[in-house]
Amino acid sequence: ASSGNQLAGADSGNARLTGWTTEGKWVQSVKFEGERAFAFPVGVAFAPTPVVSDQRKNRLVFLTADFSFDSVTSPNEPYRVPMGIAGRVGKVAMADSENQAIRILQDEVLSASMSNLGLQNPGDVKWTDDGRLLISDWGNQRIVLASAEGTLVSERKLEFSPGQISLDAAGNVYVPNGPG
């Protein structure tokens, strides 16, 4: 994930978050102890501070601008295998893989659940410049474009199961072949 001249990455194997500058200079690694510790971080976004999806603990971890621990989500409807996440100021979208849904959080509070798109193990989600959601639907071998309200706008079938999804500044979509 990137914000300004900051880059952050989830280091799943080492249960930590790493940070660099956009010039590639290593800044820090963050690893928490006890209840705060990451189990298997898989996604990072800025909203505007870092947010991490921790797959094995089924939670989102919100950090401060300097990567210190801030808070953890604990929704009434538990996440099951949170994967990729995307951030906007005050908003986070998260692929809730085993619940077959996209979750939207506004100011760290669950505000919407999109389970009406026919998703099967969504792996990643990104905000488009116009506020829509681009979703990698691993189980259905497709990419989905949905409105912020959860209405299907379009879909594109693929020859493989997409894992992550990225957009560049020109709006081009990049989809690597996912695991499996």
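In this predicted model, 34% of the contacts in the protein with a separation of 6 or more are made by residues 24 or more positions apart.

As for secondary structure, the protein has 18 strands and zero helices. Its radius of gyration is 15 Å, close to the 16 Å given by the globule rule for 180 residues, so the protein is as compact as a globular protein of that length. Along the principal axes, the C-alpha atoms fill a box of roughly 40 × 40 × 30 Å.

Let us turn to the interior. Of the 180 residues, 45% count as buried. Which residues have the most contacts inside the largest nonpolar core? They are Ile102, Ile104, Val125, Leu133 and Ile135, in a core of 14 residues. At least two residues of this core come from each of β10 (91–96), β11 (101–106), β13 (122–127), β14 (133–137) and β15 (142–146).

Leaving aside residues up to four places away in sequence, Val125 touches Ile102, Leu133 and Ile135, and its other partners include Gly84, Ile85, Met94 and Ile165. Apart from this core lies another, of 13 residues, with Ala8, Val30, Val52 and Phe69 among them.

Finally, the surface and the charges. The protein has an accessible surface of about 9000 Å², and carbon and sulfur atoms account for 47% of that area. There are 16 positive and 20 negative charges, and their mean positions are 3 Å apart.

Conventions. Residues are numbered from 1 along each chain as its sequence is written. This is a predicted model: local features need pLDDT of at least 70, side-chain atom pairs count only at pLDDT 80 or more; totals for chains, interfaces and linings use all residues. Side-chain values use heavy atoms; hydrogens and water are left out. Helices (H or I, at least four residues) and strands (E, at least two) are DSSP runs, numbered from the N terminus. The radius of gyration is taken over C-alpha atoms; the globule rule is 2.2 Å times the number of residues to the power 0.38. Buried means under 20% relative accessible area, exposed over 50%, partly exposed in between (1.4 Å probe, protein chains only). Contact means heavy atoms within 4.5 Å. Accessible areas come from the Shrake-Rupley method with a 1.4 Å probe; for residues, only the protein chains shown count as cover. Lys and Arg count as positive and Asp and Glu as negative; His and the chain ends are not counted. The place of a charge is taken as NZ of Lys, CZ of Arg, CG of Asp or CD of Glu. A nonpolar core is a set of buried Ala, Val, Leu, Ile, Met, Phe, Trp, Tyr and Cys residues joined through side-chain atoms within 4.5 Å.
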